[in-house]
Amino acid sequence: MLLISPSILLVEGTMIRLLLLALLSALVFEGEVFAQSGPVFSDTGPEAEAYGASSGYPVPPFEYPPGVRQDFMVGTYSHFDKLHPMRTVKRPATPSVLKRAAEEIVPVYHYDGRQKAIGEYLDTHPVTGLLIAREDTILFEHYQYARTDKDRFLSQSMAKTLTGLLVGIAVSEGAIHSIDDTAASYVPELEGTAYGATPLRALLHMSSGVAFLERTYQPDDDIFKLHLALLGNNAVGAIAALRQFNTRDAPPSTRFAYASPETEVLGLVVSRAVHMPLADYLTTRIWQKLGAESDAAWAIDPTGQEVAYCCFIATLRDWARLGLMLANDGAWNGQQIVPRQWLRDATAVPRDSYLRNTIAQSWGYGYQVWILPGERRMFLLLGIHGQGLFVDPESKLIMLQTAVRKLPVGNPKSPEAMALWYAVVAQFGHR
């Protein structure tokens, strides 16, 4: 989850101003000498020594919660499979083709009262990987902190959207009969619980009405208790973890409240409905059809259930393939992977819905995905500590960032990524 101050949020009027500024600033850089095309790797990054550069960006043997120590964050976020058991999401025999622009783009954007170039963004943000692509072509691909295109980066809550996509596929295949069914219809162990009595539609919208606190990601948050019950030293598994939260304080589908257990319930529903592990379903229904170039992996709890709300790892280019598929309304590599209507429904919210103004003015929440402000349909897969996959279906443009921000949420510099994204759309969103 990302917290943004309404005073600096890019709402409609400000967005138009930003787009115009970005277009004008692009003219200033017409004579810029572009970098040679191809992935760019750097052994350093902002505060590199504090992030563990001299120690080779180490991976701890075990740390809970992960990434608390700054010098462990880079290693943890690129080698999460060394910390927890994971189930492999297998790549296909042949990857889909991603082309590469002959010249690397050099976006410029306006933020904090002045014009900046993308290089300055990388110099001042703890980004491990940043990739921009349009249609089937990579326009920009940079790595920092000695990370490479072979590293598999941790999703955090970007994985929630994966779970939402799998719900849609299971519905299209008839394994889930209706998203108006309750969770207990598919997971009998939740019978008699608040989550068990919640319709899947409300879970998709983060509006179960079940009391759950997820704001700061500190020990007094319920998310801390949930995560500990799934991946901590004395983890108990999904069903027992979810039973900790059994107080309903609002009717379903009346109030938005971001809560990771809603996704965890959906993961259980999908795996029970399709009679296979979530990672295997993702392998056959999405990952291999995408033409991923590398195996991915999904963390599992002690019962073998995937942690559906987080903890998926993949290479930057495979995350990009996923984003490009979403930008094409579910189609990629010569086939319709996610039902088009499901994806359209998942990424559209009426203006008068309670699912608007979710974290700030004009933001929306669809089926496990954030909807960006403005008339143009754009959406965002979002994870704490700076993970983000921005999608613009109109131009088939995506921007993907993996990062190691010290604060889980509320970083004062996090809105700068939004400024960069809108500038990228303005300058390179043409087709």
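Colleague: Which residue takes a positive phi in the hairpin of strand 4 and strand 5?

Modeller: This is a predicted model. Strand 4 (residues 108–111) and strand 5 (residues 114–117) run antiparallel, joined by 4 bridges. Their hairpin has 2 residues between the strands. The one with a positive phi, near 55 degrees, is D112.

Colleague: Which backbone oxygen does the side chain of Q427 reach?

Modeller: Q427 is found in helix 12 (residues 415–428). Its relative accessible area is 10%, so Q427 is buried, as the limit for buried is under 20%. At 2.4 Å, the side chain of Q427 reaches the backbone oxygen of V108.

Colleague: What is the order of the strands in the open sheet of 4 strands?

Modeller: The pairing in this sheet is antiparallel. Strand 2 (86–89) and strand 8 (153–154) each have a single partner strand, so they stand at the edges. One side of each is left without a neighbour in the sheet. The order is 2-9-10-8.

Colleague: Which residue stands opposite R87 in strand 9?

Modeller: Strand 2 pairs with strand 9 over 4 bridges. The sense of that pairing is antiparallel. The residue opposite R87 is W298.

Colleague: At about what angle does helix 9 run to strand 2?

Modeller: Two helices can be set against this sheet. Helix 4 (residues 159–172) lies across strand 9 and strand 10, at about 95 degrees to strand 9. Helix 9 (residues 278–290) lies across strand 2, strand 9 and strand 10. Its angle to strand 2 is about 15 degrees.

Colleague: How many aromatic pairs does the structure hold, and is the pair of F256 and Y365 stacked, tilted or edge-to-face?

Modeller: The structure holds 17 aromatic pairs. In this one, the ring centres of F256 and Y365 are 5.2 Å apart and the planes stand at 50 degrees. Stacked needs planes under 30 degrees apart and edge-to-face over 60. So the pair of F256 and Y365 is tilted.

Colleague: How many residues apart are F256 and Y365?

Modeller: F256 sits in the loop between helix 7 (238–242) and helix 8 (260–274). Y365 is in strand 13 (residues 364–365). Both F256 and Y365 are buried, and their pair links distant parts of the chain, 109 residues apart.

Colleague: Are W298 and F312 buried or exposed, and which kind of pair do they form?

Modeller: W298 lies in strand 9 (residues 296–299) and F312 in strand 10 (residues 312–314), so their pair ties together parts 14 residues apart in sequence. At 0% relative accessibility, W298 counts as buried. F312, also at 0%, is buried. With 5.5 Å between centres and 80 degrees between planes, the pair is edge-to-face.

Colleague: Where does M399 lie, and how far is its C-alpha atom from that of V265?

Modeller: M399 lies in strand 17 (residues 397–403). Its relative accessible area is 0%, so M399 is buried. Beyond four places in sequence, its contacts include L130, F390 and W421. V265 is 134 residues away along the chain, and the C-alpha separation is 29 Å.

Notes:
Residues are numbered from 1 along each chain as its sequence is written. This is a predicted model: local features need pLDDT of at least 70, side-chain atom pairs count only at pLDDT 80 or more; totals for chains, interfaces and linings use all residues. Side-chain values use heavy atoms; hydrogens and water are left out. Rings of Phe, Tyr and Trp (its six-membered ring) pair if their centres lie within 6.5 Å; planes under 30 degrees apart count as stacked, over 60 as edge-to-face and the rest as tilted. Buried means under 20% relative accessible area, exposed over 50%, partly exposed in between (1.4 Å probe, protein chains only). Two strands pair if DSSP finds at least two bridges between them. Contact means heavy atoms within 4.5 Å. Axes are lines fitted to C-alpha atoms, for helices over the stretch in contact, and angles run from 0 to 180 degrees between N-to-C directions. A polar contact is a pair of N or O atoms within 3.5 Å; within protein, one must be able to donate a hydrogen and the other to accept it, and residues adjacent in sequence count only if both atoms are side-chain atoms.
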